[in-house]
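Please consult the sequence and the structure shown here.

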Amino acid sequence: MANEQTENVTCRINGIEVTVPRGTRIIEAAEQAGIGIAHYCYHPGLSAPAMCRMCLVEIEGVPKLQPACVSTVAEGNNILTESERARESRKGTLEFYLINHPLDCPVCDKSGECRLQDFVHAEGPKHGRLRDAKVIFGQDDFGGNILYDGDRCIMCTRCVRFMREVAQDDLLGVVQRGHRSVIDTFFEQGLDDSPFHTNIVDICPVGALLDKDFLHKARVWDLDHAPSICPNCSQGCNIRIDTRDNLVQRLRPRANPDVNSYWMCDYGRHSYEWMNGTDRIEAPLVRDGERLVAQNWQPAMLALLDRLKQRAGSVRIVGSPMLSNEDNGLLARLGSLLGAAAPVYRSARAEDEVVLPGFPKLARRRELAANGRGLSALGFERVGDDRAQGGLTSADVLIVLGDELADLPADFGRDASLFVYLGHRLHPAARNAHFVLPVSTFAEQEGTFTNFEGRVQRFWPALQPPPLARPAWQVLGVLLAGLDDGPAPADAANAFLRVGSFFEPFAGLTYEMIGTRGALMNEPVAIGAGGGD
């Protein structure tokens with residue numbers, strides 16, 4: 001009982017009783033009670049300097065208003081966030097910020113997700129009283145991906161603290177004093193070489209820091225959002241894919257303390273244009289002599305099943321670490337039924353990992369693909385070099401999923417008696433296939449990746465695939481059903497269960513168990529700095 005009293009405290013916030021661990025900040029205790037407290041400088045992944053003065057709250061018995069971002073909850077506190085004093089304080093603070101902040105919301109890239117805009121709309125002054133001209137700082141190119149608009153900056157210093165505390169690359173600072181203070185880099189040293197610096201755009205509460213890649217591309221309210229997993233290395237950062245007109249406009253990190261906290265690397269963030277490629281395979285193609293002829297799915301699948309049942313000779317299966325556990329799992333099952341040797345895959349690898357010093361569990365991993373660990377658990381063997389080239393040989397029956405075969409000679413697979421290609425684009429080597437089947441990318445379907453530490457994580461569709469493209473698990477499920485291996489899975493969740501029934505590392509896991517934060521697969525796990533590639 002004594003321990004409970006020392007570890008937990010109970011208070012009331014706006015009349016709601018809250019029990020939290022001793023030392024919890026008021027702003028975090030309020031969040032647990034479902035009460036939002038306005039703030040700019042506070043961020044849960046950074047230290048709190050209590051400098052924006054937006055989160056001042058009234059504590060009964062305490063003469064002055066207190067900043068909720070640094071004040072901790074004490075036993076018996078009666079905290080009021082909506083008292084007249086607290087509301088007047090916020091209103092005055094907002095008026096102070098609007099003295100120099102330009103009201104250029106119609107052209108600002110942050111419009112639609114700007115905290116200043118939101119708070120002024122909710123409870124700010126209706127009119128400004130200042131008659132003097134606003135102070136003009138202008139724009140500055142910080143190097144790297146960042147454009148700084150000093151006129152919009154409210155000096156919350158989140159960006160400075162991120163670079164100092166999380167990136168531990170102290171490249172930003174506050175220069176000048178008082179009303180002339182601005183954020184700046186040091187002399188000619190910009191942000192170019194800092195591999196995580198674009199995170200400062202995400203945490204800027206106004207439109208002062210802009211990502212050059214997204215500049216004037218889209219209005220925030222025009223974007224659709226889908227939770228997903230970054231496919232660009234085996235870290236498996238939780239991300240949000242923002243799209244418009246069925247094109248990816250940007251990737252942003254999604255909080256997951258078990259994987260990437262609130263951050264992601266710049267390499268992953270800006271490696272998305274391949275998802276917008278237009279040179280897609282539009283329809284199933286079936287070889288007729290020297291030609292590939294477009295067909296509907298049903299006749300193409302019936303013809304393929306006949307050929308698979310009449311197969312003879314060696315069978316080789318090639319998977320892809322850019323596709324899901326569901327896709328590759330059913331491919332491996334198909335290979336097992338056909339008597340194939342161990343399936344293989346290729347993936348690019350970097351020379352080194354790039355670790356985020358302030359959260360060392362996050363790194364741009366060596367393996368530059370999302371699902372290498374998943375393929376290993378499914379029995380695939382990695383072949384080829386670190387450029388994802390070489391290592392593939394033909395066979396009597398050759399089935400390739402996802403690997404674009406872009407490095408292989410134009411006659412690759414021509415001597416196979418049956419060559420099946422399931423993919424997105426038709427490079428020369430793939431044109432030798434007897435059956436070319438269009439499948440959707442990870443961004444166009446639901447599924448799971450397994451990251452470097454064995455954490456299985458879900459992603460959801462962000463884009464519409466070409467009309468006749470199908471998830472690979474669906475195509476392979478139909479083939480397995482045609483080979484009398486049980487019914488075809490009805491959806492991605494069912495396909496995942498099917499994979500779990502074949503492969504022990506995924507046995508017992510369900511989409512419900514994985515949820516939005518992932519779950520470790522049933523394999524011994526080695527977690528630690530550099531604990532995977």
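Asn 325, Glu 326, Gly 329, Leu 330 and Arg 333 of helix 9 meet Ala 492, Ala 495, Phe 496, Arg 498, Val 499 and Phe 502 of helix 12 (contact: heavy atoms within 4.5 Å). The model is predicted, with local features requiring pLDDT of at least 70 and side-chain atom pairs pLDDT 80 or more, while totals for chains, interfaces and linings use all residues. Residues are numbered from 1 along each chain as its sequence is written, and side-chain values use heavy atoms, without hydrogens and water.

- The contact residues of helix 9 and helix 12 comprise 6 nonpolar, 2 polar and 3 charged (Ala, Val, Leu, Ile, Met, Phe, Trp, Tyr, Cys and Pro count as nonpolar; Asp, Glu, Lys and Arg as charged; the others, Gly among them, as polar).

**Largest pocket**
- The volume of the largest pocket is about 740 Å³.
- Among its 27 lining residues, His 43, Arg 115, Arg 158, Asp 202 and Tyr 262 are the closest to the centre (on a 1 Å grid over the protein atoms alone, a pocket is an open set of points where a 1.4 Å probe fits, with protein on both sides within 12 Å along at least five of seven lines; lining residues have an atom within 4 Å of a point).
- The lining of the largest pocket has 12 nonpolar, 5 polar and 10 charged residues.

**Second largest pocket**
- The second largest pocket holds about 620 Å³ of space.
- Of the 27 residues lining the second largest pocket, Ser 320, Met 322, Ala 388, Gly 402 and Glu 404 lie nearest its centre.
- The lining of the second largest pocket divides into 12 nonpolar, 9 polar and 6 charged residues.

Definitions and conventions:
Helices (H or I, at least four residues) and strands (E, at least two) are DSSP runs, numbered from the N terminus. Grid points are joined across faces, edges and corners, and a volume is the space filled by probe spheres set on the points.
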